Amino acid sequence: MAKRKKSDLRDRILELLKNTEVHPTAAWVFDRLRTEFPRVAVGTVYRNLNILVSEGLIKNISFNEPIERYDGNLSEHYHFICEECGSIRDINVPPLKTLENRIEKLLDADVTHHRIDFYGVCPTCKKKRKQS
Ligand code: ZN
Ligand code: MN
């Protein structure tokens, strides 16, 4: 097998992020690439994820959470976070532009974007609750 370049790893990380909706951690990505890149450490995966973030190709969606989560979907959207299993899913409602305009007026500032995270119990965890 030909020796793989550093950029191959980053390309594969980006591809994984673009093709999943789980909003993965570095450990999740590492797990999926360990057979393909057996000599790569989880720290390298983490470093490459953050390079992709700084290049604007993916987003780091963590906010005070101890474990960072990444999103390959760059469109403006909201998230629902399950407080029991930690799953994060996209909420596809139109972004609240009128709210942005109100905040701009209120602060006399330029609002470039905003984020809203919803927290609760996901459908799967709700079912588990009922069973126990
Ligand atoms: Zn859940
Ligand atoms: Mn998302």
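## Exercise 1: A histidine in a strand

His-79 is located in strand S3. The model is predicted.

Task: Decide whether His-79 is buried or exposed, and list polar contacts of its side chain.

Solution. 
1. The relative accessibility of His-79 is 7%. Buried means under 20%, so His-79 counts as buried.
2. The side chain of His-79 makes a polar contact with the side chain of His-77 at 3.1 Å.
3. Another polar contact joins the side chain of His-79 to that of Asp-90, at 3.2 Å.

## Exercise 2: The manganese site

Task: Identify the residues that coordinate the manganese ion (ligand 2) and give their spacing along the chain.

Solution. 
1. The manganese ion (ligand 2) is coordinated by His-23 (NE2), Asp-71 (OD), His-77 (NE2), His-79 (NE2) and Asp-90 (OD). The distances are 2.1 to 2.3 Å.
2. Along the chain, these donors follow the spacing H-x47-D-x5-H-x1-H-x10-D.
3. Within this set, the pair His-23 and His-79 links distant parts of the chain, 56 residues apart. His-23 sits in the loop between helix H1 (6-18) and helix H2 (26-33), while His-79 belongs to strand S3.
4. Both His-23 and His-79 are buried.

## Exercise 3: The zinc site

Task: Find the protein donors of the zinc ion (ligand 1) and assign the geometry of the site from its angles.

Solution. 
1. The donors are the SG atoms of Cys-82, Cys-85, Cys-122 and Cys-125, lying 2.3 Å from the zinc ion (ligand 1).
2. The angles among the 4 donor atoms are 105 to 116 degrees. Four donors count as tetrahedral if all angles lie between 85 and 135 degrees, so the zinc site is tetrahedral.
3. For comparison, the ideal angle for four tetrahedral donors is 109.5 degrees.
4. The sequence spacing of the donor residues is C-x2-C-x36-C-x2-C.
5. Cys-82 in strand S3 (residues 78-82) and Cys-122 are 40 residues apart and link distant parts of the chain. Cys-122 is in the loop between strand S5 (117-120) and helix H5 (123-131).
6. Cys-82 has a relative accessible area of 1% and is therefore buried. Cys-122, with 6%, is buried as well.

## Exercise 4: A nonpolar patch

Task: Name the residues of the nonpolar surface patch and classify the exposure of Leu-99.

Solution. 
1. The patch is formed by Leu-96, Leu-99, Ile-103, Leu-106 and Leu-107. Together they have about 460 Å² of accessible area.
2. Leu-99 is part of helix H4 (residues 97-107).
3. The relative accessible area of Leu-99 is 33%. Partly exposed covers the range between buried, under 20%, and exposed, over 50%, so Leu-99 is partly exposed.

Note on methods:
Residues are numbered from 1 along each chain as its sequence is written. Chains are lettered from A and ligands numbered from 1 in the order in which they are written. This is a predicted model: local features need pLDDT of at least 70, side-chain atom pairs count only at pLDDT 80 or more; totals for chains, interfaces and linings use all residues. Side-chain values use heavy atoms; hydrogens and water are left out. Donors are N, O and S atoms within 2.8 Å of the metal (3.2 Å for Na, K and Ca); water is not among the atoms, so sites may look incomplete. Four donors count as tetrahedral if all angles lie between 85 and 135 degrees; four count as square planar and six as octahedral if opposite donors are over 155 degrees apart and all others between 65 and 115; anything else is irregular. Helices (H or I, at least four residues) and strands (E, at least two) are DSSP runs, numbered from the N terminus. Buried means under 20% relative accessible area, exposed over 50%, partly exposed in between (1.4 Å probe, protein chains only). Patches are made of residues with over 30% relative accessible area and no salt bridge: like charges are joined within 9 Å, nonpolar side chains (Val, Leu, Ile, Met, Phe, Trp, Tyr) within 5 Å. Accessible areas come from the Shrake-Rupley method with a 1.4 Å probe; for residues, only the protein chains shown count as cover. A salt bridge is a side-chain nitrogen of Lys or Arg within 4 Å of a carboxyl oxygen of Asp or Glu. A polar contact is a pair of N or O atoms within 3.5 Å; within protein, one must be able to donate a hydrogen and the other to accept it, and residues adjacent in sequence count only if both atoms are side-chain atoms.
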